[in-house]
Amino acid sequence: MKLSHLAETLIGSEIIKLAGEIKEKQAKGEKIYNFTIGDFDPKVFPIPAEFEEEIIKAYKEGFTNYPPADGIPELRKSVSEFIAEHENLNYDPAKEIVISCGGRPIIYATFRTILDRGEKVVYATPSWNNNHYTHFLEAEHVVLETKPENDFMPTAAELKPLLKGATLLALCSPQNPTGTAFGKQQLEEICDLVIAENKSRSADQKPLYILFDQMYWVLTFGETHHYTPVSLRPELRDYTVFIDGMSKAFAATGVRVGWALGPAHVIGKMKSILSHVGAWSPMAEQHAAARYLRRKDEVNVYLKKFKAEVEERLQKIYEGFDGLKKAGHPVEAIAPQAAIYLTLKIDLAGKKTADGTILQDQAAVTSYILNEAKLGLVPFYAFGSSKNSPWYRLSVGTCKKEEIPAMIAQLKSALEKLQ
């Protein structure tokens, strides 16, 4: 029976489809190294103990009623102070911050607030869900497929011909799915393009806005540093909406506390939209987050340990893939930079399996790696890249360190069986 155009044309999630296959195998007793989901196993990465204590305390204090649609004032103030201290960004908690149940609702609200049907959204691939949110709004997709030599981050040279007449530029750093991040000059050049584009528009034209998803900004490793459009070019403050929250910074994906920072005229309308959607962060969790973010010493201790644990896993798997590459196998990896992700290349299309089957395309490669190596990875084509891209996202949120050598050995065995 006929449904809405949106429902009829919305593309299902490749990640959910792959997760379903993995669950079926696990239900049959197969040992699968499931590195597909951008989430955390609480047994491996629990939320901060002090945050958990604050959540329990808030429920015991009876904070179980409706929260304000834009978030409790205490949390907006704590977020403002946290961001000011760690990123040197100053946002008014009353007018320039809105709280929601994670990043998805505020991304949707940003799209809904800024865009009209048919307007241009510029986004790079691979990237997380920009294609779906653009589809929700029946906006025009202006897609840039990024290159491995740029760590799959868009460059100013690539974006320059795409920005004329666009309404929204969707950026993410550190990037999901690649685990890579903008360098300072790289982001400065993009910021200058946006400034120039907005200067070219008349007062009655809608400006070009930036949606800047920085959900993973606390998770940067080595020489990688987190930069933002507003810190590099303060004049972009009136055109930039930040997407942020507790989910990835504190392994608290199920706690559902997210926020947006941005100009008052945008955030005010986002608040109105979210008030009708009802995508509120739970009252108890908001009070808990407000209190926890003020416990600066505990926060810093947690983040230091958390970052070290994530980085160790990424580095060990990277070294394992580097060893396979040096042994002559058609794989490679980009050195860890940020987030909980490792970018991997598994270039096996055209190879023949032990039973004589030809791996005809990348979908067949993905299935072979899952069935033979028992390794679940998300192909970049699930994030908007071309169907023949040999690149993958590996997430370490569920990774047990002691299992890494066995996982690499199993992959090595699967690679050696190919001709």
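Because the model is predicted, local features need pLDDT of at least 70 and side-chain atom pairs count only at pLDDT 80 or more, while totals for chains, interfaces and linings use all residues. Residues are numbered from 1 along each chain as its sequence is written, and side-chain values use heavy atoms, with hydrogens and water left out.

Let's start with the record. UniProt, in an unreviewed entry, places "domain: Aminotransferase class I/classII large" at residues 33–408; its positions are given in the numbering used here, feature names are shortened, and annotations may be inferred rather than shown by experiment. The end C-alpha atoms of that span lie 10 Å apart, and the span is 38% helix and 15% strand. Helices (H or I, at least four residues) and strands (E, at least two) are DSSP runs, numbered from the N terminus.

Now find helix α12, residues 296–326. Its 31 residues should span 45 Å at 1.5 Å a residue, and the end C-alpha atoms are 44 Å apart, which agrees; the expected span is 1.5 Å times one less than the number of residues. Buried residues of α12 include Val 299, Leu 303, Phe 306, Arg 313 and Phe 321, where buried means under 20% relative accessible area, exposed over 50%, and partly exposed in between (1.4 Å probe, protein chains only). Among the elements that cover these buried residues are α4 (73–87), α11 (283–293), β10 (341–346) and α14 (404–416). After α12 comes Gly 328, with a positive phi near 100 degrees.

Next, the spaces inside. On a 1 Å grid over the protein atoms alone, a cavity is a set of points where a 1.4 Å probe fits but cannot get out; a pocket is an open set with protein on both sides within 12 Å along at least five of seven lines, and lining residues have an atom within 4 Å of a point. Grid points are joined across faces, edges and corners, and a volume is the space filled by probe spheres set on the points. There are two cavities of 30 Å³ or more.

The largest cavity has a volume of about 160 Å³. Of its 16 lining residues, Ser 127, Asn 130, Leu 171, Cys 172 and Asp 213 are the closest to its centre. Strand β5 gives the most to this lining, with three residues.

The second largest cavity holds about 60 Å³. Its lining includes Ser 78, Glu 81, His 86, Lys 296 and Val 299, and the elements giving two or more residues are α4 and α12. Helix α4 gives the most, with five residues.

Helices α4 and α12 also each give two or more residues to the lining of the second largest pocket. That pocket has a volume of about 320 Å³, and His 86, Trp 217, His 225, Leu 303 and Lys 307 are among its lining residues.

Finally, have a look at the backbone. A cis peptide bond joins Thr 125 and Pro 126, with omega about 0 degrees, and Pro 126 sits in the loop between β3 (120–125) and α6 (130–136). The bond from Ser 173 to Pro 174 is cis too, with omega near -10 degrees. Asp 151, a residue other than glycine, has a positive phi near 55 degrees; Asp 151 counts as partly exposed because its relative accessibility is 25%.

Conventions
Contact means heavy atoms within 4.5 Å.
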